[in-house]
Amino acid sequence: MKTKPWARALCALAVLGLIAAACGDDDTDDSAAPTTAPAAAEPAPDPEPEPEPAEPEAEAPEPEPEPEAEPEAPAEDPLDLASVCPSPIIIQTDWFPESEHGAMYQMVGEGWTLDTDNMITTGPLVAGGVDTGVDIEIRAGGPAIGFASGSAQMQLDPEITLAYVSMDEAVILGGDTPTLSVVAPLERNPQIIQWDPETYPDVTGVADLGELGVTINVFAGGTFIDVFVNEGVLSADQIDPSYDGGPARFIAEGGAIAQQGFASESPYSYEQVYPEWSKPIAFELIHDAGLPIYSQTLAIRPADLDALRPCLAKFVPIVQQAILDFAADPGPTNANIVQIVADIGSFWQYSPGLAQFSVDTQIELGLIGNGPDDTVGNMEIDRIQEVIDKIVNAGFDVDPSRMDPNNLVTNEFIDESIGF
């Protein structure tokens, strides 16, 4: 018989384990007892434990705000001297204005004035045409100050900021009038010993003059002569210390004597200016003959170093650049130098031709230029020590404090990036 609808419902319930019933096929007697005992209901699984609530993650601390960057101070203007330098910066030179002083006059701007009585030029101090905010005062030396040395003049006049001081002067006189050189506008000393190449065609240098016993007319007290005599380059009996700076005796002797002079002036003057001679001369630099002094360095009083340090840090590179600028375009500055000499109206004469010759010679002979490196204006300690030793060996009385070249010069303020 057919399974009743309610039986089918019970079978469905049996799936859930609630009722056990036989579910036969169509010819099973619905009154028969079930042959299989109802399956026991499986126990309900233990309920899964509820997960423990997760501990809340610690909140990350809020980042501290970045400190506000302090505004950068405006870059210091290297050409602004007004806040660190005296005005005027006073420079004492060693002679009348000339092209060997070209870097100094290169720094004199338009509107300069001249005190003809005292031979003093004053004007705005400029660098590359830029006004630095202070004035510069350039004082002539030589006759203008009674032929006093630059170091002595600095001790007499505390207003002077820097003076021209040659290294032999710094060594010999420095015990009483100490100086500290901060920049060397000239790399080589322009001083020479000259002779007539027609009279002495085989002479090539000072040592040859020594071997021939030629009389050499020089200023009294010159360091180089004593050094050369001590080293046997010259003999004492051939030295005549009566030179007065003029050409008269050399010309009168017909070139039979030799004489001291300057490479940047003498060859031009003897050939172009003195009609009684009007021919070339020959010469050798004192530097090449064996005494490589730095001449005409710019020096301060050592006691002023700390006070002037901020000024020198800016001023010395300006001097270095002025050396380059003058060499590149000397015309305008040379014109000023020629005009100043004319306005002074003294015995010293200076023509445009001589001014240009001077610059050409300075460049050709390396009187201005870099040292063994790529920098202009710095000074070699070993070279200065060589000069000190030669001077001491020649018998000069040198204060012990002047035997250390580091007491004579400093390259502290030199900008090594400035050079030819």
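The following legends describe close-up views of a predicted model.

Local features are given where pLDDT is at least 70 and side-chain atom pairs where pLDDT is 80 or more, whereas totals for chains, interfaces and linings use all residues. Residues are numbered from 1 along each chain as its sequence is written, and side-chain values use heavy atoms, with hydrogens and water left out.

**View A. The open sheet of five strands.** The strand order is E9-E8-E10-E7-E11, and the pairing is mixed. Strands (E, at least two residues) and helices (H or I, at least four residues) are DSSP runs numbered from the N terminus; two strands pair if DSSP finds at least two bridges between them. At the edges stand strand E9 (239-240) and strand E11 (282-285), each of which pairs on one side only. Strand E7 (residues 191-195) and E11 run antiparallel and are joined by four bridges. Gln 194 is placed opposite Phe 283 in E11.

**View B. Helices lying across the sheet.** Helix H6 (residues 223-230) lies across E7, E9 and strand E10 (258-262), at about 65° to E7. Helix H8 (residues 266-273) lies across E7, E10 and E11, at about 110° to E10. Axes are lines fitted to C-alpha atoms, for helices over the stretch in contact, and angles run from 0 to 180 degrees between N-to-C directions; contact means heavy atoms within 4.5 Å.

**View C. The largest nonpolar core.** This core has 52 residues, and Ile 89, Met 104 and Phe 315 have the most contacts inside it. A nonpolar core is a set of buried Ala, Val, Leu, Ile, Met, Phe, Trp, Tyr and Cys residues joined through side-chain atoms within 4.5 Å; buried means under 20% relative accessible area, exposed over 50% and partly exposed in between (1.4 Å probe, protein chains only). Helix H10 (residues 305-328) gives the most to the core, with 12 residues. Beyond four places in sequence, the residues in contact with Met 104 include Ile 91, Tyr 164 and Val 319.

**View D. The surroundings of His 101.** His 101 is in the loop between strand E1 (89-92) and helix H2 (102-106). His 101 is buried because its relative accessible area is 0%. Not counting residues up to four places away in sequence, His 101 touches Thr 93, Asp 94, Trp 95, Phe 96, Tyr 164 and Gln 296.

View E. Asp 115 is in strand E2 (residues 113-115) and is partly exposed, with a relative accessible area of 31%. The side chain of Asp 115 reaches the backbone nitrogen of Asp 117 at 3.2 Å and makes a polar contact with the side chain of Asn 118 at 2.8 Å. A polar contact is a pair of N or O atoms within 3.5 Å; within protein, one must be able to donate a hydrogen and the other to accept it, and residues adjacent in sequence count only if both atoms are side-chain atoms.
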